[in-house]
Each structure stands twice: as structure tokens, then as C-alpha cells.
Amino acid sequence: MGGNAGAQFITVALTPVITRLFSPEAFGEFSVIVACAGPFVAFAGLRYHEAIMLPEKESDASSLFWLSTYLILALTLLVTIVIAFIGTDIANLLEISQAHGLIYFVPVLIFLVSIRRVLDAKLQRARQFKYLAGTSIGVAITDRTVSIGGGLLAYLSASTLVVGRALGLLSSILLMLIAKTPDKQASIGSIRAVARRYNSFAKYAWAGVIQQLDMVLPTIVLASIFGPVVAGLYALAKRVLAEPSLIVGRALSKTFYQKATELHRNNQSIAKITAELLTYLISWIVPPMVIFSFVAASSFALVFGEEWRQAGSYSVLLIPVFIASFVMQPLSRIFNILEKQKQLAMFSVLKLSFTVAALISGIYSESPEMTFTLLSVFVIFLSSSRGYWILTQVGVPRFTMMPVFIGVVVKSVLFSLPIVLVQHYFSLPEWQQILLAAMLVAIYIGWMVLNDNRLSAMLKRKKHPQ
């Protein structure tokens with residue numbers, strides 16, 4: 001996970017520089033453009049790339065790779081033609097008049113993100129984890145360098161951020177192409193064969209679109225209803241909460257997927273490895289997030305600038321959403337391992353329904369805070385239901401995880417109690433409160449490192465005992 005940790009460090013370290021160069025409005029416009037590409041990315045390749053890990057034969061995996069690539073090229077061409085004719089009208093409809101030219105970057109982002117996902121799956125199958133780690137660093141360095149460089153040259157619009165993102169993706173793709181992977185020739189017949197064999201992925205590709213709509217709708221609605229500034233504040237809160245956790249969660253997801261797929265392919269149970277992973281995830285993410293919530297607003301103001309303080313207040317309301325995302329990202333791989341795409345689609349539809357309900361309620365209340373609160377409540381409810389279903393499918397006994405959940409709650413209370421007492425009984429400056437919270441998080445992480453080696457044992461285990 002070294003490369004992912006390096007990318008995380010680069011992202012966190014350089015974000016304060018970017019926020020002092022670009023306004024919340026620029027962040028909002030940039031986020032809307034990225035959001036427009038999201039649903040198309042989910043549909044590109046009809047999700048066949050998710051099946052690349054599954055075949056025993058390398059020839060079948062190569063056929064899936066080329067099938068995904070051809071489908072991505074076709075979709076990119078179609079979107080390009082549509083935007084060439086009505087791009088300006090789409091921009092006006094989304095109320096991003098400041099970013100008319102940016103709408104033409106949508107097909108570029110669709111192609112780059114989609115191809116990167118396919119290459120990622122190919123390298124994961126080939127166990128080229130070193131290159132995968134390098135691509136994460138490449139994205140972070142290029143993206144941030146271009147954004148900061150453009151900002152220093154007074155190019156302070158959203159276009160600079162979009163170009164930085166596109167060049168970051170391109171650099172990671174070039175790194176992936178250098179890696180050595182088994183390259184088998186794929187005939188039309190073999191491509192058709194794997195398309196039929198794994199048609200359940202294509203059949204429920206719309207579920208990926210639903211998932212992406214669920215992710216991007218808040219950004220689009222916030223920009224349309226409350227303006228690009230609120231969308232920009234939300235974008236920063238989302239970036240700060242999501243990027244560090246998703247980088248780590250993505251690395252764990254890849255490793256878990258590889259190990260669990262091997263076990264399932266050999267007709268071995270994946271119940272224990274799933275329970276161990278869930279225990280690890282919630283134990284590491286929940287207490288630090290609870291501690292952070294008490295100093296979130298002041299931390300954003302200190303680190304990113306006073307104009308971003310409200311983003312910190314939003315992040316407190318959104319913390320449950322990103323805890324759920326961090327935990328569910330690796331566990332959701334089980335849907336692919338068990339080929340339960342229908343059930344995944346059902347959960348995706350439910351989540352989108354809850355998101356729409358929260359957004360509608362927020363619109364009527366004319367309050368972004370109410371929108372974020374309802375989003376968190378709905379996500380926690382649905383994620384709990386989804387997690388319980390996953391555990392039952394892999395054979396984890398009922399109530400096995402209850403002691404773990406209780407333990408996490410107790411640790412969250414104990415480690416956050418000092419900051420609560422200080423804020424209630426003492427009038428310390430904000431920077432001192434932030435320092436105390438950071439010390440509490442560091443103490444907790446140190447305690448976890450000394451007392452919890454479950455994940456390292458799980459990942460090093462070559463054979464899973466029954």
C-alpha cells in the first residue's frame with residue numbers, strides 16, 4: 001500500500017495550496033463537469049472489466065479486456081458527437097454558464113477514467129501491484145502540479161482543475177501500459193464467447209449507472225439550487241473525507257478481491273476473511289472520524305482558509321456517508337465474486353431512491369444542512385442492511401459482529417471524551433483544540449498498530465483454514 005499512501009500524502013499536502021488559489025465557485029464548476037462524466041463512465045464497457053479477475057484462462061481475461069476497450073471507444077465517440085451538437089445547451093441546462101467550454105472535456109474524462117479502470121483490472125489480475133501503486137502517485141502528482149502551476153499563472157478558473165485531472169489520468173494510463181502483462185490474442189469469436197459467459201455484468205450495467213447517479217446527483221442539485229459556491233464547499237468536504245479513505249479502501253479492496261476470488265474459485269469459504277476485513281475497517285475508521293468531527297470546522301478554516309470553514313461544518317454532517325463508503329467499498333466486491341449482480345442492482349436502486357428523497361427534502365427546506373443530514377441517515381440505514389445481507393451470503397453467523405460494533409462505539413467515546421471535556425470546560429484557541437484532536441488520533445492509531453495485526457495476518461495467509 002506504499003504507493004497509495006504516497007498518493008494520499010501528496011493529495012492531502014497540496015490541497016491547502018489549491019484551495020488558496022481557487023475559489024469555492026471554481027471548485028463547484030469543476031465538480032459539476034466531473035459529475036457529468038460519472039454516469040457514462042459507469043456504463044462504459046458494460047462493466048465487463050469487473051469480470052477480468054474471474055476466468056481461469058488468460059485468453060478469456062484478454063478477451064474481456066478487449067471487449068471492454070472496444071465498448072468504451074464506441075461510447076466515447078457517441079458522447080462526443082452528442083456534445084458537439086448540443087454541448088452549449090447542456091451547459092446552460094446545468095446552469096454552469098461559466099464553464100461552457102468545459103462541457104467538451106466530458107468525453108475526454110469518460111475515455112480516460114474508463115480505460116484506466118480496465119487497465120487497473122488487467123494489472124490486478126497480473127498482480128502488478130507495484131505499477132498500480134505507481135499510477136496512484138502519478139495521478140496525484142500530475143493533477144496537483146498542473147492545478148497549482150495554472151493557479152500561480154493566474155489561470156484560476158475551473159478549466160485549470162479539469163485539465164489537471166485529465167493529465168493526471170493520462171499519466172497513470174501511460175504508466176500502466178509499461179507494465180508486463182499476459183497479452184493473448186482475442187478473436188471476434190472469443191470476444192463473443194466471454195460476452196455471453198459474463199453477460200450478467202452487462203445485463204446489470206445499469207446498476208453502475210444508478211450508483212454513479214447516486215454519487216453525482218448531490219453535486220449537480222447543489223449547484224443548480226444553491227449555486228456553485230455551495231457545490232464547491234461540498235466538493236472540498238467530499239474530497240477531504242473521501243480521498244484518504246478511498247485510497248486506502250481501494251487498496252484493501254483490490255487485495256481482498258484477489259484473495260477472496262482465489263478462495264471462492266477453490267470452493268473454500270470466504271466467511272472468516274470477510275469478517276476479519278469488516279472488523280479491521282470499522283476499527284480503524286470510526287474512532288478517528290468521531291474525534292475529527294469535534295474540530296472539523298476549525299480545521300478546515302486553519303488548513304484551507306477561512307472561506308472554507310463552512311465546508312468543515314458540512315463535513316461533520318457527511319462523516320457517516322464516507323464511513324459507510326470506506327467500509328462498503330471492499331465488501332461490495334463480494335457481489336462480483338458470487339455473481340450477484342441482480343442483488344447489487346436492487347441495493348443501488350434503493351440507495352438512489354433515498355438520495356433523491358434527501359435532495360427533494362433539502363430543496364423544500366432550502367437548507368443544504370438538512371440535505372446532508374438526511375443523506376447521512378439514509379446511507380447509514382441502507383449500508384447496515386447491505387452489510388448484513390453480505391455477511392449472511394458468505395456464511396458469517398448472525399450477531400458475530402455485534403461485540404466488534406460495541407467495542408468500536410466504546411473506543412470512539414473514550415478517545416473523543418478529552419476533546420469534548422476541553423471544549424465544554426475550557427476556552428482554548430482553535431489551534432490548540434485541533435492539536436489535541438490530532439494527538440488523540442495519533443494515540444489511537446498507535447494503540448491499534450500495537451494491538452491489532454488481523455489484517456496483516458489475513459493478507460499474508462496463503463491458504464485459508466476451514
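User: Where do helix α3 and helix α7 stand relative to each other, and at what angle do their axes cross?

Analyst: In this predicted model, where local features need pLDDT of at least 70, side-chain atom pairs count only at pLDDT 80 or more, and totals for chains, interfaces and linings use all residues, the axes of α3 (residues 58-93) and α7 (residues 188-197) come within 9 Å and cross at roughly 90°. Residues are numbered from 1 along each chain as its sequence is written, and side-chain values use heavy atoms, with hydrogens and water left out. Helices are DSSP runs (H or I, at least four residues) numbered from the N terminus, and axes are lines fitted to C-alpha atoms over the stretch in contact, with angles from 0 to 180 degrees between N-to-C directions.

User: Why is α3 called roughly perpendicular to α7?

Analyst: Angles of 65 to 115 degrees count as roughly perpendicular (under 35 is roughly parallel, over 145 roughly antiparallel, the rest oblique), and the crossing is at roughly 90°, so α3 is roughly perpendicular to α7.

User: Which residues of α3 meet α7?

Analyst: Asp60, Ser63, Leu64, Trp66, Leu67 and Tyr70 in α3 meet Ser190, Ile191, Val194 and Ala195 in α7, where contact means heavy atoms within 4.5 Å.

User: What makes glutamine 124 count as buried?

Analyst: Buried means under 20% relative accessible area, exposed over 50%, and partly exposed in between (1.4 Å probe, protein chains only); glutamine 124 has 2% relative accessibility, and therefore counts as buried. Glutamine 124 lies in helix α4 (residues 106-125) and, not counting residues up to four places away in sequence, touches Met53, Phe129, Leu132, Lys254, Tyr257, Gln258 and Arg333.

User: How do you know that lysine 351 and aspartate 214 form a salt bridge?

Analyst: A salt bridge is a side-chain nitrogen of Lys or Arg within 4 Å of a carboxyl oxygen of Asp or Glu, and the side chains of lysine 351 and aspartate 214 meet at 2.4 Å, N to O. The pair links distant parts of the chain, with lysine 351 in helix α15 (residues 341-365) and aspartate 214 in helix α9 (residues 205-225), 137 residues apart.

User: Why is lysine 351 called partly exposed, and what makes aspartate 214 count as buried?

Analyst: Lysine 351 has a relative accessible area of 24%, so the residue is partly exposed, whereas aspartate 214, at 6% relative accessibility, counts as buried.

User: What makes glutamate 306 count as exposed?

Analyst: Glutamate 306 has 52% relative accessibility and therefore counts as exposed; its salt-bridge partner is arginine 309, the closest N and O atoms being 2.6 Å apart.

Methods. Helices (H or I, at least four residues) and strands (E, at least two) are DSSP runs, numbered from the N terminus.
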